[in-house]
Amino acid sequence: MAMDEIDKKLTISEGKFIKNRMNRSTGKGEYRKKYYFHVLPNNDADKNIIDRGYQNDILGLLKSENIKHCGFANLNSSQAMALNLFGPLCVENILSTVIPYIQDQVQSEALVYQFEKKEKDSSQIDFYVESGNKKFYFEVKFSEGFEPKSHSKNNDERWTLFYEGPMKMILKDEMWPHAKEEFLNKKYQLWRNVRMISDPDSFVYFVFPRFRRDLTVEVEASKQLLLPSFAEKVKVLYVEDVCNTILSKYLDNCKLMAHYTEFHEKYISGID
């Protein structure tokens, strides 16, 4: 699906959600000096967190971790989707029972989680989970694609310090001559996440709706460039699968049912 078609589908879906759920009485919000109906005014940005029982918990998490994002008021915000998707699972302590593969890897230690985790190279991980020595990195996408280039002015230094070693470890030999160009100028945002699997106890999840087939293609193509033992640690996790698992598994939890029913309407229904 082309990006212009994705934008059109999202615009239609946003209009339905705003009309049916948000009881919208506020004006347009500003983004990059322009005003849009799908952007909430800054003082209404909290409304981007679903209000079906977990909103206060998630907003409290935002404040406790001092999370800030200039695009959070946008109804297309991937950060808001990440909080709406994973926030209630953290509150209810059911992450490991809902997300595939994690339940097979976690140890007896309690799960530790963090949104917007900052790495040594100053990049941020949308959502991070740790159990014992096992580490799980989640890159969440809704409307946008993978940023192709690193815009840092110190790319050569950053490549040597942070990326060269991990990439040399995980790539097939025939890909190494092209590694730096591929990483910094073609698929930067994808590879800065994938390189985390150079740690033998780490796994990377790319999380997005199923209609983003373009992202599925990019992730699967990147896996073809990896040594097989590393490729199996890169996963695609569709938000529909998480949502549907909860809606079928926790029928007796009214809060979860209400939250993820609205999540389905906000991010899934009428888009594909």
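Start with phenylalanine 138, which you'll find in strand β5. Helices (H or I, at least four residues) and strands (E, at least two) are DSSP runs, numbered from the N terminus. Before going further, keep in mind that this is a predicted model, where local features need pLDDT of at least 70, side-chain atom pairs count only at pLDDT 80 or more, and totals for chains, interfaces and linings use all residues. Residues are numbered from 1 along each chain as its sequence is written, and side-chain values use heavy atoms, with hydrogens and water left out.

So is phenylalanine 138 buried or exposed? Its relative accessibility is 0%, so phenylalanine 138 counts as buried; the cut-offs are under 20% relative accessible area for buried, over 50% for exposed, and partly exposed in between, using a 1.4 Å probe and protein chains only. Leaving aside neighbours within four places in sequence, phenylalanine 138 is in contact with a list of residues including Phe86, Ile99, Ile102, Tyr205, Val207 and Leu237, contact being heavy atoms within 4.5 Å. Phe127 is on that list too, and the C-alpha atoms of phenylalanine 138 and phenylalanine 127 are separated by 5.0 Å although the two residues are eleven apart along the chain.

Now zoom out to the sheet. There is an open sheet of five strands with mixed pairing, in the order β3-β4-β5-β6-β7. At its edges are β3 (112-118) and β7 (234-238), each pairing on one side only. From one strand to the next, the twist averages 25 degrees. Two strands pair if DSSP finds at least two bridges between them. As a reminder, strands of a sheet pair through backbone hydrogen bonds, either parallel or antiparallel.

Strand β4 (residues 124-131) and strand β5 (residues 134-140) run antiparallel and are joined by five bridges; tyrosine 128, for instance, has tyrosine 137 in β5 as its bridge partner. On to β3 and β4, which pair in the antiparallel sense over six bridges. Here valine 112 has glutamate 130 in β4 as its bridge partner. β3 and β4 form a hairpin with five residues between them, and serine 122 in the turn has a positive phi of about 75 degrees.

That loop between β3 and β4 also holds glutamate 119, which is buried with a relative accessible area of 15%. Its side chain is joined to that of lysine 117 by a polar contact of 2.7 Å. A polar contact is a pair of N or O atoms within 3.5 Å; within protein, one must be able to donate a hydrogen and the other to accept it, and residues adjacent in sequence count only if both atoms are side-chain atoms. Not counting residues up to four places away in sequence, glutamate 119 touches Ile125, Tyr137 and Met196.

Next, the helices over the sheet. Helix α3 (residues 78-92) lies across β3, β4, β5 and β6, running at about 165 degrees to β3. α9 lies across β6 and β7, at about 165 degrees to β7. Axes here are lines fitted to C-alpha atoms, for helices over the stretch in contact, and angles run from 0 to 180 degrees between N-to-C directions.

What about charges? The count comes to eleven salt bridges, each being a side-chain nitrogen of Lys or Arg within 4 Å of a carboxyl oxygen of Asp or Glu. In one of them, glutamate 262 meets arginine 52 at 3.0 Å, N to O. Glutamate 262 lies in helix α12 (residues 254-267) and arginine 52 in the loop between β2 (34-36) and α2 (55-64), so the pair ties together parts that are 210 residues apart in sequence. Glutamate 262 is buried at 6% relative accessibility, while arginine 52 is partly exposed at 32%.

Glutamate 139 and lysine 141 form another, with the closest N and O atoms 3.5 Å apart. Glutamate 139 counts as buried at 2% relative accessibility, and lysine 141 is buried at 2%. Glu139, Lys141 and Glu144 are linked in a network of salt bridges.

Finally, look at glutamate 182 in helix α7 (residues 179-186). Glutamate 182 is buried yet has no salt bridge, the nearest side chain of opposite charge being lysine 186 at 4.7 Å; Lys and Arg count as positive and Asp and Glu as negative, with His and the chain ends not counted. Its side chain does make a polar contact with the side chain of tryptophan 191 (3.3 Å).
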